[in-house]
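This report considers a single structure, shown below. The sections that follow treat its sheet, selected helices and loop residues in turn.

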Amino acid sequence: MARFVRGEPTLEGSDALTTATEQQHLAGPLSAAVANLCTRLQPQVSARTAAGFREVLRRLSAPLQVAVAGRIKSGKSTLVNALIGRRVAPTDVGECTRLVTRFQYGTVDRVELVFTDGRKQVLPFDPSGMIPNDLEVDFDKVSHLEAYLTNAVLRDLTVIDTPGLGSLDDASVKRTERLLGAAKHRKPDDADGGDSEKDGEKDGDELDPTSRNAVAGAEAVLYVVTQGVRADDQQALAAFTAATASREAGPVNAIAVLNKADTITPESVSGSDGDVWKAASLLAEKQAATLKPRVADVIPVIGLIAESAESGGFTSADADALRSLSKLDDATWETMLMSADIFATWECEVPAGTRTRLLEKLDLYGVRVAVDALRADPELTAGSLRRTLLNASGLADVRSRLDAVFRARADGIKAAAALASVTALAHASGDPGERQRVHDAIEVLLAKPEAHQLRLLEALTLVTSGAVAMPEDLAEEVLRVGSTADIGEQLGLKGRPHKELSAYALERAGWWRSFASFGATPAQSRVAHVVHRAYFLIWQQLREQAG
């Protein structure tokens, strides 16, 4: 584990050139080391590159930025509301769903409409407490929405709701690509359709379009799919540049959710035994294989139930209505469950309007889950029923994976994204000397044993993106070693004795060193040396633990 101590500006002493305030917000020692590198390099680069480095420093001290992406009507905004625990993002197709919306922590709840020229306009929440869905503005002049919420979830996670890559209209897609950095980098001389050098001379301290692209973008992506993974899902994930500089989505910084799991017909999934949730889990496994290696995992979820149960949408009046439905005779109840139309229109003592409201909040599957729970335990309180619905939604598993893949590894994700941005900024400068100084500084940083995680993340990205072709079994091994911090999982021997782990790590270190020297192409050799060192460091760590 890297330490913070005073002294030379090394990884261990990376706070030597960062303030106490900055350190409070940095994700960990790797982020601090990259922040230190940016601070040291600022006097050695042009004003324009230095402005980019200041933006990188700002991003390093900000919460991890996770974009929720996917096709239109995949339930992205509903899932965002569930994750935040508040129904604030519009879920019906309207003007606001054409905009990128950034949800971040604030001491006062407010929404700002940000225009492309930098102007901001404060928007009122609608009567239900949501962002207004319809706006009387010229959308060609709008960049995105900023929503500030006094919400604990957002203290260490900024959630970016997108209109969907490849949906609605070209303008919406371009706005999404601009903010997320999914668009291909343009050369300095055509970055804004004009003369970038003149732009730079006019205001060298401001970020030019190319530099802005270099530090734009979310650092991780939560990709929402429904029953069928299509080619455009894979294309969107392949094109998604998480931190720009062509750092594509991969198992380090991307997970997917199979939303609307309750709409899956169990009979359509072999081995489901007629169970909806089992069918969804099996389908999610198949989708994970299809989207591999772009995502770390695919988790089934029912976003509508999660949103209603977690955001306060499910009320005691809803619980009372479900309690009344639980008392219907079996024949009537089974008939009503045949379809949503029959459920809403069949004559019973619960008013049709109330049943329609239940469908809007829970759909037929959620209603069935709630009634089954009440029939099993008629004394269930409204609070207990809400928790039952929340458990049935699968949101807990999504949050668990968010914690394991994103939050627990935020330091490495943010540091790797920042280094990618630093590299892109130096490349965009057009100054060979500046580019070499930045390259040399990065190499010094990456040579430190404590920073090897960044080398490993780089190697993993090269393999999963297809930039370096590896035999399937070796690619799987790189994926395993680089996608988790748990030693047992890294070695594929979780739960095995300490001595066995140590022996295996040393054996694989030797194998990868031999492969790098004798059996690999030059590109494969570069990756192999990184994996060799990863195994060697694991072996050293196990030895220290044993000692």
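Which residues point one way from strand 8, and which point the other way?

## Strand 8

The model discussed here is predicted. In strand 8, Ala 254, Ala 256 and Leu 258 point one way, whereas Ile 255 and Val 257 point the other way. In a regular strand the side chains alternate between the two faces of the sheet. The residues pointing in either direction are all buried, and strand 8 is accordingly described as mostly covered, with five of its five residues buried.

Strand 8 has a partner on each side. With strand 7 it pairs in the parallel sense over five bridges; within this pairing, Tyr 223 has Ala 256 of strand 8 as its bridge partner.

An antiparallel pairing is found between strand 2 (residues 101–105) and strand 6 (residues 157–161), which are joined by three bridges. Arg 102 has Ile 160 of strand 6 as its bridge partner.

Most residues other than glycine have a negative phi, and most peptide bonds are trans. Lys 260, although not a glycine, has a positive phi of about 60 degrees. Its relative accessible area is 32%, so Lys 260 is partly exposed.

Asp 273 lies in the loop between strand 8 and helix 9 as well. Its phi is near 55 degrees, again a positive value in a residue other than glycine. With a relative accessible area of 68%, Asp 273 is exposed.

## Helix 22

Does the length of helix 22 agree or disagree with its residue count? At 1.5 Å a residue, the 22 residues of helix 22 (residues 498–519) should span 32 Å, and the end C-alpha atoms are 30 Å apart, which agrees.

The buried residues of helix 22 are Leu 501, Ser 502, Ala 505, Arg 508, Ala 509, Trp 512, Phe 515 and Ala 516. Viewed down the axis of helix 22, these buried residues fall within an arc of 155 degrees, so they line one face of the helix. An α-helix has 3.6 residues a turn, so residues three or four places apart point the same way. Lys 499, Glu 507, Phe 518 and Gly 519 are exposed on the other side of helix 22. The cover over the buried residues of helix 22 includes helix 20 (472–482), helix 21 (487–491) and helix 23 (522–546).

## Cysteines

How many disulfides does a search of the whole structure find? The search finds zero. Cys 38, at 0% relative accessibility, counts as buried, while Cys 348, at 22%, counts as partly exposed. The cut-off for buried is under 20% relative accessible area.

Note on methods: Residues numbered from 1 in each chain as written. Predicted model: local features only at pLDDT ≥ 70, side-chain atom pairs only at ≥ 80, totals over all residues. Heavy atoms only, no water. Pairing = 2+ DSSP bridges. Helix = DSSP H or I, 4+ residues; strand = E, 2+ residues; numbered from the N terminus. Expected span 1.5 Å × (residues − 1). Buried < 20%, exposed > 50% of the residue type's maximum accessible area, 1.4 Å probe, protein only. Arc of directions from axis to C-beta. Contact = heavy atoms within 4.5 Å. Disulfide = S-S within 2.5 Å.
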